[in-house]
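Subject: Structure handover

Hello,

Here is the structure for you to look through. Please open it first, then read the notes below.

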Amino acid sequence: MTLPEATTYIATAEDAGQRLDIVATRLAGFSRSHVSNAIKAGEVLVNDALAKPSLQLEPGDRVVLRVAQPHVLEAFAQELPLDVVYEDDDVIVINKVAGMVTHPAHGAVDNTLVNALMAHVGVLPGDPIRGGLVHRLDRDTSGLLVAAKTPEALSALGKAMMSRYIARTYLGIVIGYPGEQQGTINGPIGRDPHNRMKYAIRAEGKPSVTHYAVRERLHGASELSFTLETGRTHQIRVHMAALGTPILNDPIYGRTDSRLALPGQALHAWKLAFRQPRTRIDLEFEVPPPEAYTQAYESLKVPVA
């Protein structure tokens, strides 16, 4: 990536006490998050030195910016394998493989589920990057996901999701044993202030509720089922880590196990139920976990004496 010509700015008295990222955002004309990342990458200098986004400027400070224009994401059709569980004129239900990103994002601009859906369906309604998506699954979480094929279906399913009329049940293997056979975790989730790649239970976070039930005790682990009242990013993974029983092989909230063939966390979107937005017929789906999950489960089964 070629950086633009440097822009030099001398801080004025009005800038005194202002954060560097705020002033640099005004000068660059890009989003604050993009400029903040540029500062961390060394594209903004203060008095010829690297600085933090939170640096408070003083009059006379010499700010030099070489902030590149943000890369514009776009989604395009790609012929990719797609496990279609159900499809009609309004909706499509997919069994997503573990390892597939749901939609394009920085760091994963192609080979996503949306790319595959565009090739299979054609034009998708809604956000061009998240076309048709009613909800999403983490990259390494496998299982059921519904997408809309029409604007009307997308609107109706979006409202159903917000009203908790779409039922989702997950299977997961956790390290250790929860204290109770079943329970509910009600912990608001927000960005982890110490790691922007993670989420955490935070008082100012968004309401998040996960119900769990132990299906089987394994050797040093347990298989659980989860039902969600909300759909926050990494919700099950954050809640189970907070409970002291992180999802098996979770590289962010737990630890990986090189003995397992799992690409990431042992989590699978097992069941999905919703009302068809046009016909109003109730639809229910269930898909078994992938082979890698099953192999991990079998390896942890307690031997029969």
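What share of the 305 residues of the chain count as buried? The figure is 46%. Keep in mind that this is a predicted model.

**The whole chain**

The chain has six helices and 15 strands. Its C-alpha trace spans about 75 × 50 × 35 Å along the principal axes. Residues 24 or more positions apart make up 64% of them.

**Helix 1 and helix 2**

Start with these two. Two packed helices are described by the angle between their axes and the distance between the axes. Helix 1 covers residues 20-28, and helix 2 covers residues 32-40. Their axes come within 9 Å and cross at roughly 115°. That makes helix 1 roughly perpendicular to helix 2. The crossing is right-handed.

Which residues meet there? Helix 1 brings Leu20, Asp21, Ile22, Ala24, Thr25 and Ala28. Helix 2 brings Arg32, Val35 and Ile39. By class, this contact has six nonpolar, one polar and two charged residues.

Helix 1 also has buried residues: Leu20, Asp21, Val23, Ala24 and Thr25. The buried residues of helix 1 pack against helix 2, and also against strand 1 (7-10), strand 2 (44-46) and strand 4 (62-65). After helix 1 comes Gly29, with a positive phi near 80°.

**The nonpolar cores**

In soluble globular proteins, nonpolar side chains tend to be buried together. The largest nonpolar core here has 25 residues. Which of them touch the most other members? They are Leu117, Tyr170, Leu224, Phe226, Ile236, Met240 and Ile247.

Leu117 is then in contact with Leu82, Ile92, Ile94, Gly122, Leu124, Leu133 and Ala147. Leu224 is in contact with Tyr170, Leu171, Gly172, Val174, Pro178, Tyr212, Ala213, Val214, Arg215 and Met240.

Leu224 sits in strand 13. Is Leu224 buried or exposed? Leu224 is buried, because its relative accessible area is 0% and the cut-off for buried is under 20%. Leu224 and Ala108 are 116 residues apart along the chain, and their C-alpha atoms are separated by 30 Å.

**Two positive phi values**

Most residues other than glycine have a negative phi. Find His234 and Asn249 in your viewer. His234 is not a glycine, yet its phi is positive, about 65°. Asn249 is not a glycine either, and its phi is also positive, about 65°.

Where is each one? His234 is in the loop between strand 13 and helix 5. Asn249 is in the loop between helix 5 and strand 14. His234 counts as buried, at 13% relative accessibility. Asn249 is buried too, with a relative accessible area of 3%.

Asp88 lies in the loop between strand 5 (84-87) and strand 6. At 15% relative accessibility, Asp88 counts as buried. Leaving aside neighbours within four places in sequence, Asp88 is in contact with Lys149 and Gln276. Asp88 and Arg275 are 187 residues apart along the chain, with their C-alpha atoms separated by 13 Å.

Leu80 is in the loop between strand 4 and strand 5. Why does Leu80 count as partly exposed? Its relative accessible area is 22%, and buried means under 20%. Which residues is Leu80 in contact with, leaving aside its neighbours within four places in sequence? They are Met100, Asn111, Thr112, Asn115 and Ala116. Leu80 and His120 are 40 residues apart in sequence and 8.8 Å apart in space, C-alpha to C-alpha.

Best wishes

Methods: Residues numbered from 1 in each chain as written. Predicted model: local features only at pLDDT ≥ 70, side-chain atom pairs only at ≥ 80, totals over all residues. Heavy atoms only, no water. Axes fitted to C-alpha atoms, helices over the stretch in contact; angles between N-to-C directions. Helix = DSSP H or I, 4+ residues; strand = E, 2+ residues; numbered from the N terminus. Parallel < 35°, antiparallel > 145°, perpendicular 65-115°, else oblique. Left-handed = near helix turned anticlockwise from the far one by under 90°. Contact = heavy atoms within 4.5 Å. Nonpolar A, V, L, I, M, F, W, Y, C, P; charged D, E, K, R; others polar. Buried < 20%, exposed > 50% of the residue type's maximum accessible area, 1.4 Å probe, protein only. Core = buried A, V, L, I, M, F, W, Y, C linked by side-chain atoms within 4.5 Å.
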